Amino acid sequence: MEKYEIITHPNPFLRRKAKKVSVFDKDFQDLIEDMFMIMREAPGVGLAAPQIGVSQRVVVVEYADAEVENAKPKAYVLVNPEIVYHSDDTTSDLEGCLSVPGFVGMVERWNEVTVKAQNRFGKSIKIKADGWLARIFQHEMDHLDGVLYIDKATEVYEPSDKEINDIEPEPEN
Ligand code: CO
């Protein structure tokens, strides 16, 4: 039996502000491992703890830069993340969400962000991201405040199968 499952809109749990993480014990490490597993199974490029019913400010991301040929997926764990810098320029692009299955929407996001967070062991980290990675960080961090992309999207619709293939820049196999 799965310990966790992805909860979907309109479950009110997704609207809660998640609690700050202060304990980095074995249970917390297990939670992070479970989150990576669930995200990969889904599959998705990012997952926030509230999406599996856990009120903790933690996000996992695994993403291979689509602009770089043969880029290896890179894993990120952001605990108690905050955006400490963002560019003025923005881009609108299509997003989906594991908690809003079957839909996509056009969302405007900052092109570059710098995120201050803690790593899985509580050490302070700072990560600069741009393009899709910056978009993923912004999307996942919104989940920690109970915000879904459908709140920000200019249009939300059910895409055709072809469009689904074009949305997330999946690494080529
Ligand atoms: Co989401």
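Is Ala153 buried, partly exposed or exposed, and how many other C-beta atoms lie within 10 Å? Ala153 is partly exposed, because 19 other C-beta atoms lie within 10 Å, where a residue counts as buried at 20 or more such atoms, exposed at 12 or fewer, and partly exposed in between, with C-beta atoms placed from the backbone. The structure is a predicted model, in which local features need pLDDT of at least 70 and side-chain atom pairs count only at pLDDT 80 or more, while totals for chains, interfaces and linings use all residues. Residues are numbered from 1 along each chain as its sequence is written.

Ala153 is placed in the loop between helix 3 (149–152) and strand 8 (156–157); helices (H or I, at least four residues) and strands (E, at least two) are DSSP runs numbered from the N terminus. Apart from neighbours within four places in sequence, Ala153 contacts Gly105, Met106 and Val107, contact being defined by C-beta atoms, placed from the backbone, within 7 Å.

An open sheet is formed by 5 strands in the order 1-2-3-6-7, with antiparallel pairing; two strands pair if DSSP finds at least two bridges between them. Strand 1 (46–48) and strand 7 (124–130) stand at the edges with a single partner strand each, so one side of each lacks a neighbour in the sheet. Strand 3 (residues 74–86) and strand 6 (residues 112–118) are joined in the antiparallel sense over 5 bridges, and Val79 has Gln118 in strand 6 as its bridge partner.

Notes: Two residues are in contact if their C-beta atoms, placed from the backbone, lie within 7 Å.
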